[in-house]
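Good morning, colleagues. Please turn to the sequence and the structure on the screen, and I shall comment on selected features.

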Amino acid sequence: MGGEVIHALRDVSLKINKGEYVAVMGPSGSGKSTLMNLIGALDVPTSGDLVVNGLNLSGQESDTLADFRNLTVGFVFQQFNLLSRTSALENVKLPLFYARHLGSINAGERARKCLQQVGLSDRMHHDPTQLSGGQQQRVAIARALVNQPSVVLADEPTGALDTKTSVEILDLFQQLNDKGITLIVVTHDPEVAEVSRRNLLFRDGRLVDDVSMARR
Ligand SMILES: Nc1ncnc2c1ncn2[C@@H]1O[C@H](COP(=O)(O)OP(=O)(O)OP(=O)(O)O)[C@@H](O)[C@H]1O
Ligand SMILES: [Mg+2]
């Protein structure tokens, strides 16, 4: 930035086990989104190694990384990032069209099941504009789940929602984690930190605290 070099992340050494539920916290600019983007192979580190689900992300072909993003991780964002003028069902089906190895699965059936899982069976044919914020986030979660990822990465998923709706989304995350999905959630929300079992605290690009809680 100008003449100054900013290390978005540095000297971060971290291991997250399969099935963990981790909250990532820290002030604005501390590197939380950068961490998520690296784990999700949306960004590449200048140095260091990153192994996710047995795949070392450094030096992979772009096709391998595209498959990884499509099949291994599911993304959930603060602003939902749904396609407008496109039904919930079509939004959820979308990642299936990019999945090259799925062969003859029934995309509609798979997407309907995911919408059912997030409690939106009765809203499948609605567009995002016809859905509440909480419902839109559920569609986004269903979309994140449709390729049956091992890891769900959520960057401030409750940041645009009111308290009651946030609690519903957190309940849904808990159900996913109970099913064995690894959850990594960036949050400023103490409620999220409360329900997760491990809190990572970042400051100025460094991991400054890593606290695990006993299973509730
Ligand atoms: N593409 C980029 N180019 C240059 N600097 C960047 C870029 N993306 C992020 N940064 C810088 O890296 C640092 C970490 O940013 P990051 O977005 O990871 O923070 P964050 O913890 O997610 O913050 P917030 O809570 O505001 O979302 C910041 O200083 C930011 O300005
Ligand atoms: Mg961020």
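Predicted model: local features only at pLDDT ≥ 70, side-chain atom pairs only at ≥ 80, totals over all residues.

D171 is located in helix 6. Is D171 buried or exposed? It counts as exposed, because D171 has 12 C-beta neighbours inside 10 Å, and a residue with 12 or fewer is placed in that class. In sequence, 24 residues separate D171 from V195, while in space their C-alpha atoms are 9.1 Å apart.

Let me turn to the packing of this helix. Helix 6 spans residues 163–178 and packs with helix 5 at an angle of about 20°, the two axes being 9 Å apart. Helix 5 is therefore roughly parallel to helix 6, since angles under 35 degrees fall in that category. The crossing of the two helices is right-handed. Which residues make the contact? From helix 5 they are G133, G134, Q137 and I141, and from helix 6 they are T165, E168, I169 and L172. Sorted by class, the contact of helix 5 with helix 6 comprises three nonpolar, four polar and one charged residues.

I come now to the core. The largest nonpolar core holds 47 residues, and V24, V92, L115, A142, V152, L153 and V185 have the most contacts inside it. Helix 5, residues 133–145, supplies the largest share of this core, namely six residues.

Finally, consider V152, one of the residues with the most contacts inside that core. What does V152 touch once neighbours within four places in sequence are left aside? Its contacts are then G74, V76, A144, L176, I181 and L183.

Key. Residues numbered from 1 in each chain as written. Chains lettered and ligands numbered in written order. Core = buried A, V, L, I, M, F, W, Y, C linked by C-beta atoms within 7 Å. Buried ≥ 20, exposed ≤ 12 C-beta atoms within 10 Å, placed from the backbone. Helix = DSSP H or I, 4+ residues; strand = E, 2+ residues; numbered from the N terminus. Contact = placed C-beta atoms within 7 Å. Axes fitted to C-alpha atoms, helices over the stretch in contact; angles between N-to-C directions. Parallel < 35°, antiparallel > 145°, perpendicular 65-115°, else oblique. Left-handed = near helix turned anticlockwise from the far one by under 90°. Nonpolar A, V, L, I, M, F, W, Y, C, P; charged D, E, K, R; others polar.
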